[in-house]
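Try each task before reading its solution.

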Amino acid sequence: MSISHPHIHPLAYLGSGARLEHIFDPAGLIVEPHHHLYHELDYVLSGNGVFAVGGQKVEVATGDMIYLARGVYHRRESDLQRPMELCNLILDDVTLRVILDEMPPVPLQEWPWWHRWAASDLEGPATRAFLHKLVRCMRPGPYHITKAQMKWLLPGIRNLLTLRREHVRSADPGLHRLAHRVRHNPERSLNLDEEAANIGVSRWWLSRTFKRCFGVGLWE
């Protein structure tokens, strides 16, 4: 079974802050590859499945959470026997910047393009309390989060994001400038030789280091 994702290129969403959705996958669902104009946090309430991000497949199960940045192509597959139920939090660039601005300095372009937290990574009392609040906000149905609710949830989101394992701040500044351009112009074609020459490295180094730092290859 294959269906189109309801949020492909959601132009109307830009600048809309944050929104929560409660998603039930049909058994065996395969969502077509797509990318968003927002950032997404998917908390797996129940079931099993796979997120395919670029050329990688990441298995998820009940209690796991995955972050997907704006412009990252991905798809989702739900298990035939135990389809997924998701709490889906989506954030625009402005909202994510508000969150990151109150954390230790991590410019948006240096943030990982995707990340998976296993349930065991989310066992701290502060994180569990945040997830409980998040699910409580979700239960009435899909809606935009009010400013008061967002203020209530922000500390928990910051705490969650500090659990990331990627450490990309030590990478070459030219690499971050390239990542910034790709993130904000995902449709723009790239010439690997030209990009490597601009940074002053080999195309082999650029390709390998970019994927190590950001989790996806340039073409992905």
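**Exercise 1. Placing a threonine**

In which helix is Thr-209 found? Then decide whether Thr-209 is buried or exposed.

Solution. Bear in mind that this is a predicted model.
- Step one: go to residues 203-214, which form helix α6, and you will find Thr-209 there.
- Step two: look at its relative accessible area, which is 7%. Buried means under 20%, so Thr-209 counts as buried.
- Step three: look for Leu-175, 34 residues away along the chain from Thr-209. The C-alpha atoms of these two residues are separated by 8.6 Å.

**Exercise 2. Pairing the charges**

Find how many salt bridges the whole structure has, and work out where the partners Asp-25 and Arg-76 sit.

- Step one: a search of the whole structure gives 4 salt bridges.
- Step two: one of them joins Asp-25 to Arg-76, with the closest N and O atoms 2.7 Å apart. This pair links distant parts of the chain, since Asp-25 lies in the loop between β2 (18-24) and β3 (30-34), while Arg-76 belongs to strand β8 (residues 74-78), 51 residues apart.
- Step three: check the surroundings of both partners. Asp-25 is buried at a relative accessible area of 8%, and Arg-76 is buried at 7%.
- Step four: another salt bridge brings together the side chains of Arg-19 and Glu-21, at 3.6 Å from N to O. Glu-21 is buried, its relative accessible area being 10%.
- Step five: Arg-75 also forms a salt bridge, with Glu-77, and here the closest N and O atoms are 2.0 Å apart. Arg-75 has a relative accessible area of 21%. Buried requires a value under 20%, so Arg-75 is classed as partly exposed.

**Exercise 3. The neighbours of an asparagine**

Locate Asn-88 and say which residue's side chain it joins in a polar contact of 2.6 Å.

Solution. 
- Step one: Asn-88 is in strand β9, which covers residues 85-91.
- Step two: its relative accessibility is 2%, so Asn-88 counts as buried.
- Step three: the partner in the polar contact is Asp-42, side chain to side chain.
- Step four: set aside the neighbours within four places in sequence, and Asn-88 is in contact with Arg-19, Leu-20, Glu-21, Ile-23, Glu-40, Leu-41 and Asp-42.

**Exercise 4. Stepping back**

How many helices and strands does the protein have, and what percentage of its residues is buried?

Solution. 
- Step one: there are 6 helices and 11 strands.
- Step two: of the 220 residues, 51% are buried.
- Step three: take the contacts between residues at least 6 apart in sequence; 78% of them join residues at least 24 apart.

Key
Residues are numbered from 1 along each chain as its sequence is written. This is a predicted model: local features need pLDDT of at least 70, side-chain atom pairs count only at pLDDT 80 or more; totals for chains, interfaces and linings use all residues. Side-chain values use heavy atoms; hydrogens and water are left out. Helices (H or I, at least four residues) and strands (E, at least two) are DSSP runs, numbered from the N terminus. Buried means under 20% relative accessible area, exposed over 50%, partly exposed in between (1.4 Å probe, protein chains only). A polar contact is a pair of N or O atoms within 3.5 Å; within protein, one must be able to donate a hydrogen and the other to accept it, and residues adjacent in sequence count only if both atoms are side-chain atoms. Contact means heavy atoms within 4.5 Å.
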